[in-house]
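Visitor: I have a structure open beside its sequence, and I would like to learn how to read its features one at a time. Could you take me through it slowly?

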Amino acid sequence: MLSINYIILTIIGCAVVTWLSRVLPFVLLKKFDLPKAVIEFLSFVPIVIMSTLWFNSLFIQNIGELPKINYENLIASLPTVLSAIISKNLLVIVITGIISLAIVRYVM
């Protein structure tokens, strides 16, 4: 019985810490005004995260070898990047990427 209580308390503790780490910045930023330079800097964070995820999925890494290009993701990313340039809407970009990758995997 002790281990079940320990597991439940661990799950609850992790949930509280996760919730606080998501909510606390919003609560604190409501009370303070950030300088314009910080706001401008933070505006690039979503772009950097999406670019990093995209770039990471374009290559296949094997230990002791140079990275190889993942052609499925490369081909699927072409219409996705095009939709990003045209729409600038995250929902459209994600849906286009999912559909593009599904079509490429179905064909290949």
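Visitor: Is Tyr-6 buried or exposed?

Guide: One judges this by relative accessibility, where a value over 50% counts as exposed. This is a predicted model, and in it Tyr-6 has a relative accessibility of 60%, so Tyr-6 counts as exposed. Tyr-6 sits in helix H1, which covers residues 2–31. From Tyr-6 to Asn-62 there are 56 residues in sequence, and the C-alpha atoms of the two are 39 Å apart in space.

Visitor: Which residues does UniProt list under "transmembrane region"?

Guide: The unreviewed UniProt entry lists residues 6–29, 41–60 and 80–104 under that name, and such annotations may be inferred rather than shown by experiment. In the model, residues 6–29 are 100% helix and 0% strand, with end C-alpha atoms 35 Å apart. Residues 41–60 are 75% helix and 10% strand, and there the end C-alpha atoms lie 31 Å apart.

Visitor: Where does H4 have its kink, and which of its residues are buried?

Guide: The kink, of about 30°, is at Ser-77, shortly before the proline Pro-79. H4 runs over residues 71–87, and because its 17 residues should span 24 Å at 1.5 Å a residue, the 24 Å between its end C-alpha atoms agrees. Its buried residues are Asn-73, Ala-76, Ser-77, Thr-80 and Ser-83, and these pack against helix H3 (45–57) and helix H5 (90–107). Just after H4, Lys-88 takes a positive phi of about 55°.

Visitor: What volume does the largest pocket have, and which residues are closest to its centre?

Guide: Rolling a probe the size of a water molecule over the atoms shows where empty space is left. Here the largest pocket has a volume of about 640 Å³. It is lined by 20 residues, of which Met-50, Leu-53, Trp-54, Thr-80 and Ile-93 are the closest to its centre. The elements that give two or more residues to this lining are H3, H4 and H5, and the largest share, 7 residues, comes from H3.

Technical notes
Residues are numbered from 1 along each chain as its sequence is written. This is a predicted model: local features need pLDDT of at least 70, side-chain atom pairs count only at pLDDT 80 or more; totals for chains, interfaces and linings use all residues. Side-chain values use heavy atoms; hydrogens and water are left out. Helices (H or I, at least four residues) and strands (E, at least two) are DSSP runs, numbered from the N terminus. The expected span of a helix is 1.5 Å times one less than its number of residues. The bend at a residue is the angle between axes fitted to the seven residues ending there and the seven starting there. Buried means under 20% relative accessible area, exposed over 50%, partly exposed in between (1.4 Å probe, protein chains only). Contact means heavy atoms within 4.5 Å. On a 1 Å grid over the protein atoms alone, a cavity is a set of points where a 1.4 Å probe fits but cannot get out, and a pocket is an open set with protein on both sides within 12 Å along at least five of seven lines; lining residues have an atom within 4 Å of a point. Grid points are joined across faces, edges and corners, and a volume is the space filled by probe spheres set on the points.
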